[in-house]
Amino acid sequence: MAQSSSATQNFVGRISDIALNYLALLKPRVMSLVVFTGFAGLIVAPGELHPSLAALAVICIAISAGAAGAINMWYERDIDALMERTKDRPIPAGKISPNKALIFGILLNILPVIVMGYLLNWVAAALLAFAAGFYIFIYTIWLKRRTPHNIVIGGAAGAIPPMIGWAAVTGSITWDSIVLFLIIFMWTPPHFWALALYREGDYAKAGVPMLPVVSGASETRRQILIYTVLLLPLTFVPLILGTAGLIYGITAGILGAYFFWLTIKIIISQNDKSARRLFGFSIIYLFALFAALIIEQVKI
């Protein structure tokens with residue numbers, strides 16, 4: 001009996017480890033913010049969607065984003081093994097074979113597009129497929145190892161989820177959803193370049209031409225400031241369009257002012273601590289902006 005119980009526990013433990021490794025392939029921390037912004041787009045869109053279909057749309061966005069991340073890990077397994085931040089990912093750590101990761105990613109990329117197309121609409125499904133394809137082929141395969149502007153152009157993939165959520169409800173693309181896209185698009189360079197500032201050695205070792213590696217820390221800080229200055233006024237456009245209200249406006253104003261201050265601090269301080277603070281706060285900033293959009297709709 002004791003041996004049987006031990007064997008069962010070992011089997012369950014093994015299955016649990018495999019599941020966790022495949023879950024890690026989906027980049028759950030990155031995926032969570034993508035899913036949240038997609039959910040916000042769905043909530044603020046005009047019209048109604050049955051709760052079960054709304055949940056299905058969010059699940060499709062989550063699976064597609066995760067699947068694109070899995071193929072990203074498959075393609076970048078060589079440089080992931082060289083970087084301190086990524087060396088323990090499932091493929092370089094030898095927990096999942098590259099072929100299994102690729103098959104897993106391909107299957108999970110196809111499934112949500114088909115489901116969203118048939119059960120919701122093909123506009124949302126097309127945006128979902130475009131976001132995944134852009135991340136895999138344009139950012140991962142074409143841009144990342146070739147240009148320091150990889151984040152600027154490639155950031156479009158992570159900015160599309162609010163448009164997908166919006167289209168899931170309306171079946172259309174409007175200026176309201178495009179503005180939500182542009183907010184994330186402009187947020188992405190300051191967010192990732194702040195990370196790149198204090199991870200410059202990792203990127204240099206892996207041969208990834210991130211902006212600090214190619215152009216230096218000073219130019220990277222200058223570009224962060226430029227994109228921040230472009231971002232902050234853009235966050236108030238939803239107020240003009242009527243997509244957002246007072247709660248969102250106050251949130252955008254207060255957090256935007258602090259975002260700008262942290263950007264100034266990285267130029268003044270020029271150390272890793274200031275870059276880490278900006279990177280950490282940038283996640284809170286985007287989450288809070290889209291949370292404010294959701295809260296306003298819930299109150300209504």
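**Close-ups of a predicted helical model**

**View 1. Helices α6 and α8 side by side.** The axes of α6 (residues 122–143) and α8 approach to within 8 Å and cross at roughly 165 degrees. That makes α6 roughly antiparallel to α8 (angles over 145 degrees count as roughly antiparallel). Axes here are lines fitted to C-alpha atoms, for helices over the stretch in contact, with angles from 0 to 180 degrees between N-to-C directions. Helices are DSSP runs (H or I, at least four residues), numbered from the N terminus. This is a predicted model, where local features need pLDDT of at least 70, side-chain atom pairs count only at pLDDT 80 or more, and totals for chains, interfaces and linings use all residues. Residues are numbered from 1 along each chain as its sequence is written, and side-chain values use heavy atoms, leaving out hydrogens and water.

**View 2. Where the two helices touch.** On the α6 side, look for V123, A124, L127, L128 and A131; they meet M163, I164, A167 and A168 of α8 (contact means heavy atoms within 4.5 Å). Sorted by class, this contact has 9 nonpolar, no polar and no charged residues (nonpolar covers Ala, Val, Leu, Ile, Met, Phe, Trp, Tyr, Cys and Pro; charged covers Asp, Glu, Lys and Arg; the others, Gly among them, are polar).

**View 3. Zooming in on F130.** You'll find F130 in helix α6.

Definitions and conventions. Parallel < 35°, antiparallel > 145°, perpendicular 65-115°, else oblique.
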